[in-house]
Amino acid sequence: SDHQLDYPVQPSDYDWSKHYPAHFPAAGTNGEASGKEVEFADIGCGYGGLLIALSPLFPSTLMLGMEIRVKVEEYVEKRIQALRSQNDSKGRDEAESYQNISVSRMNAMKFMPNFFKKGQLSKLFFLFPDPHFKKKKHKARIVTSTLLAEYAYVLRPNGILYTVTDVRDLHLWMVKHLDEHPLFERIPEEDLRDDPCVPCVMGETEEGKKVERNKGDKFLAVYRRLEKGKEL
Ligand code: SAM
C-alpha cells in the first residue's frame, strides 16, 4: 500500500537523475539545477506503450509514466532499460535513445503535487482508465472534481489533458466533470487533426490495441488548461 512507497515531500526533494541519467549527468542534481523537468505525465501508464511511442516524437522532453501495480511498473522499467541499451549498442541518435522516458510506481490519485510543482506539466494523459462501473465505486474514478483541481494545478496554462476510453459511460463522466470545471475547455476534434499525440493516445497503448482487436469503440476527449477560469 501507499506507505511502503517512497514519496518526495516536495518536488525539489526528488532525485530525477535515477530516472533520466543521460539528462542529469551529475548524480544527485535535481531538475532545477540542470534546467530539465518532466513535462508529460501518463497516469496509469500500464505497460508503457504510449511512452515508447511518444519518446522519439519529443526526444528532448522528459516524460514519466505513473503506475500503481508493482509488477507492471517493474515490467515497464525493464522494457525501457532494454530499449536504452539496444540504442547504446547501435549508437543511434537522441530520437531513438529512450533516455527521455521513465516510470514511477505511485498512486497518482494521492501524490501528484509531491512530484510536480505548479504549472510544471504541458501534457497529462488518462488513457483507458479503470472504469469502476458500479455507482458506489464512482468516487474511485481518476477524473473527479477534486482530482481535477490537482491536475489543473500541475498543468501549465495551455497545457493539454487527454482522455481516451472504450467505456461510453466513463467517457460521459469524464466529459461532464471536465466541462463543469472552470479551468478546462474542450478542444474541438477538428483542432486536433495536426496533434501528433492523438494517433498515439488512440492506438499505441496496450489497452488501445486490445480494444482494436475486439473492434470496440474508442472515445476521445481533449481539454486545454485555461489561464483564467471560464464563465460557467
Ligand atoms: N493506460 C494504459 C493503456 O492504455 O494500456 C493502461 C490502462 S489500464 C486499464 C489502467 C491502469 O491504471 C492499470 O495499469 C492500473 O494499475 C493503473 N492505475 C489505476 N489506478 C491508479 C492510480 N491511482 N495510480 C496509478 N496508476 C493507477
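**Figure 1. Leu54 in helix α2.** In this predicted model, Leu54 belongs to helix α2, which spans residues 49-54. Helices (H or I, at least four residues) and strands (E, at least two) are DSSP runs, numbered from the N terminus. Residues are numbered from 1 along each chain as its sequence is written. Because the model is predicted, local features need pLDDT of at least 70 and side-chain atom pairs count only at pLDDT 80 or more, whereas totals for chains, interfaces and linings use all residues. Leu54 is buried because it has 23 C-beta neighbours inside 10 Å. A residue is buried if 20 or more other C-beta atoms lie within 10 Å of its own, exposed if 12 or fewer, and partly exposed in between, with C-beta atoms placed from the backbone. Neighbours within four places in sequence aside, the contacts of Leu54 are Phe40, Met63, Cys197 and Cys200; two residues are in contact if their C-beta atoms, placed from the backbone, lie within 7 Å. Val201 stands 147 residues from Leu54 along the chain, and their C-alpha atoms are separated by 9.3 Å.

**Figure 2. Leu127 and Ile68, two annotated positions.** The UniProt annotation "binding site", from an unreviewed entry, includes Ile68 and Leu127. UniProt positions are given in the numbering used here, feature names are shortened, and annotations may be inferred rather than shown by experiment. Leu127 is part of strand β4 and is buried because 25 C-beta neighbours lie inside 10 Å. Beyond four places in sequence, Leu127 is in contact with Leu50, Val164, Val201, Thr205, Glu207 and Gly208. Ile68 sits in the loop between β2 (62-67) and α3 (70-90); with 17 C-beta neighbours inside 10 Å, Ile68 is partly exposed.

**Figure 3. Asp130, the annotated active site.** The unreviewed UniProt entry places the feature "active site" at Asp130. This residue lies in the loop between β4 (121-127) and α5 (145-154). Asp130 counts as partly exposed because 14 other C-beta atoms are within 10 Å.

**Figure 4. The shell around the ligand.** Of the 20 residues around the ligand, Gly44, Gly46, Ala108, Thr205 and Glu207 come nearest; a residue is near a molecule or strand if its C-beta atom, placed from the backbone, lies within 6 Å of it. Both β2 and α8 (206-213) supply at least two residues each, and α8 gives the most, with 3 residues. The shell comprises 9 nonpolar, 6 polar and 5 charged residues. Ala, Val, Leu, Ile, Met, Phe, Trp, Tyr, Cys and Pro count as nonpolar, Asp, Glu, Lys and Arg as charged, and the others, Gly among them, as polar.
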